[in-house]
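Please read them with the structure open.

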Amino acid sequence: MDSRILSCFPQRIKEALLHLPLPLLEQIEEIRIRINQPIEVVLGSHSYFLSEDGRLKKEPDRFIVTPADGEKILNLISRHSLYALEEELKRGYITISGGHRVGLAGKVVRVDSRVELIKHIRFFNFRVARPLPDIGKPLLPFLMSHNEPLNTLIISPPRCGKTTLLRDLIRLLSTGMKDDFSGFRVGVVDERSELAGCLDGVPQYDLGPRTDVLDACPKAEGLMMLIRSMSPQVVACDEIGGKRDAEAILAALHAGVKVIVTAHGSSLEDIRCRPDLKPLFESSVFERYVVLSRRKGAGTVEQVMDAHHHPVQLRAGRRKNYA
Amino acid sequence: MLKLFGLSLLIFASTAIGFYLAHRLRERCHQLGELLRILQVLETEIYYGSTPLSEAFHRLGEQGEGVVARLFARCAYYLDHTDGWTTYACWRQAIVDMEPYLALKQSDKAWLDHFGKVIGGSDRLDQHKHIRLLATHLTQAEKEAQQELHKQEKMYKTLGILGGLLIVILLI
């Protein structure tokens, strides 16, 4: 397990975790900490409780997280600076070094019926990030034409790997393929700090050597800022939805920049029905649509369609069987 | 002969005590001023820069050369290197380490202690208020320290010499 996650735990929890056999430790997907409750460890679809001597049990163990432990964890993940996490406390999660996520819950403070921050943080969910290099590789030939990227919309329900896919596509485009194309300058607007997992502005995921990231910036403004300031050839952002997002994407296209974005939905029809995104379809800006599902596990590619919503066939001589 | 040596040692010691007390006064003024300057930088770091505490403290420690800067550097070290100590615990430990060098009064130290309890533990606006409040108190304390220095520095020094002489006279 990444030592950067381990360093977020107080000594006794760290030791208990390190007592686990190495293969198990590597498989951990989530570590859930709740004050006055045992520690839950999630592997795949199973959940266990951690005992003090480092074993996983089905029943709740007597190894309980104390409030002092919670305080320590909070100190370690916030680096003693709650004030530096204002945005994060509003969103309910913190990105730590290594791109791992810590989800938070506790008492919410509201100002004018908006969530201002979470205080008295009592629940932590450490989600271990695992990069899946090259999951975008089989798909890439479908999204390029004459070695130029095509404007692409990735459509997927939550937890189907759209962010992971987009991240890998960014990395591949930015790195370039030895025989096919040299890399592109990619601009990423990462509103929810999910794509790049930035820590102090430095991406914790590999996004390739030609990628610039605008972290925690609203998409609509960020896209224009990037285009003005960083002259990208491709811009990418996650989870478009609002009217202003659509406008910004249109503006980007008029600036001659290629666009790769994702949206929540389970089919193309879902997205077409969303009134805010209508302008995008009226001028049929996207040249490729990719639909994802969980049918064969996260990241299953259901369909790739062209601008006229027909399934895409690869030209002869290129790789087939991408799904 | 031995008597003479003892007496001169007495005068020397009491003079030294006088000078030391005067030096403490001057040093307190100095340290309060340094603390105020550092707080100002810290305020900027926290309020406008949202810099994490340990990083901000490191920077403060590097920028200054005085005792207070060392105090912050010490605290930054504990923030980085201890297993989940609370911020307050790190701050306390740093103060304990620097205790011999701090020429501050009990009231000043109480404020420093309070600072350790609130720093880092709330949102930016709140931090800003805490630092402002502390700065107000320290400014007041510095003013008092200046006046005290003005009035009492010379007094301590002369009192030291004269006191020594008095004891010598009484002994003879």
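1. Chain B and chain A bury about 1400 Å² between them, and carbon and sulfur atoms give 50% of that area. Buried area here is the accessible area (1.4 Å probe) that two parts lose on being put together, summed over both. On the side of chain B, the residues B:P52, B:D83 and B:G84 supply 33% of the area buried against chain A, more than any other three residues. The contact involves 22 residues of chain B and 16 residues of chain A, where contact means heavy atoms within 4.5 Å.

2. A note on the basis of these values. This is a predicted model, in which local features need pLDDT of at least 70 and side-chain atom pairs count only at pLDDT 80 or more, while totals for chains, interfaces and linings use all residues. Residues are numbered from 1 along each chain as its sequence is written, chains are lettered from A and ligands numbered from 1 in the order in which they are written, and side-chain values use heavy atoms, with hydrogens and water left out.

3. Which residues form a salt bridge between chain B and chain A? The rule finds one salt bridge across this interface: A:E86 pairs with B:R124, with the closest N and O atoms 3.3 Å apart. A salt bridge is a side-chain nitrogen of Lys or Arg within 4 Å of a carboxyl oxygen of Asp or Glu. Helix 2 (53–63), helix 4 (87–98) and helix 6 of chain B are the elements that give two or more residues to the side of chain B that touches chain A. Helices (H or I, at least four residues) and strands (E, at least two) are DSSP runs, numbered from the N terminus.

4. Between chain B and chain A there are also seven residue pairs in polar contact (both at pLDDT 80 or more). A polar contact is a pair of N or O atoms within 3.5 Å; within protein, one must be able to donate a hydrogen and the other to accept it, and residues adjacent in sequence count only if both atoms are side-chain atoms.

5. Chain B has a nonpolar patch on its surface, made of B:F19, B:I161, B:L162, B:L165 and B:I169, with about 460 Å² of accessible area together. Helix 6 (residues 124–171) of chain B gives the most to this patch, with four residues. B:I161 is in that helix and is partly exposed, at 36% relative accessibility. Patches are made of residues with over 30% relative accessible area and no salt bridge, like charges being joined within 9 Å and nonpolar side chains (Val, Leu, Ile, Met, Phe, Trp, Tyr) within 5 Å. Accessible areas come from the Shrake-Rupley method with a 1.4 Å probe, and for residues only the protein chains shown count as cover.

6. Over all chains, the search finds 29 salt bridges. One of them joins the side chains of A:R12 and A:D69 at 2.6 Å, N to O. A:R12 lies in helix 2 (residues 11–18) of chain A and A:D69 in helix 4 (residues 67–78) of chain A, so the pair ties together parts that are 57 residues apart in sequence. A:R12 is partly exposed, with a relative accessible area of 30%, whereas A:D69 is buried at 4%. Buried means under 20% relative accessible area, exposed over 50%, and partly exposed in between (1.4 Å probe, protein chains only).

7. A second pair in chain A is A:D61 with A:K57, the closest N and O atoms being 2.7 Å apart. Here A:D61 is buried, at 11%, and A:K57 is partly exposed, at 27%.

8. A network of salt bridges links A:R101, A:K162, A:R192, A:E194 and A:E239. A:R101 is in strand 6 (residues 101–111) of chain A and is buried, at 10% relative accessibility. A polar atom of the A:R101 side chain lies 3.5 Å from the backbone oxygen of A:S193. Beyond four places in sequence, the residues that A:R101 touches include A:Y93, A:N125, A:R127, A:R192 and A:E194.

9. Is A:S156 buried or exposed? A:S156 is buried, at 0% relative accessibility, and is found in strand 10 (residues 152–156) of chain A. Apart from neighbours within four places in sequence, A:S156 is in contact with A:K162, A:A263, A:H264, A:G265 and A:L292.
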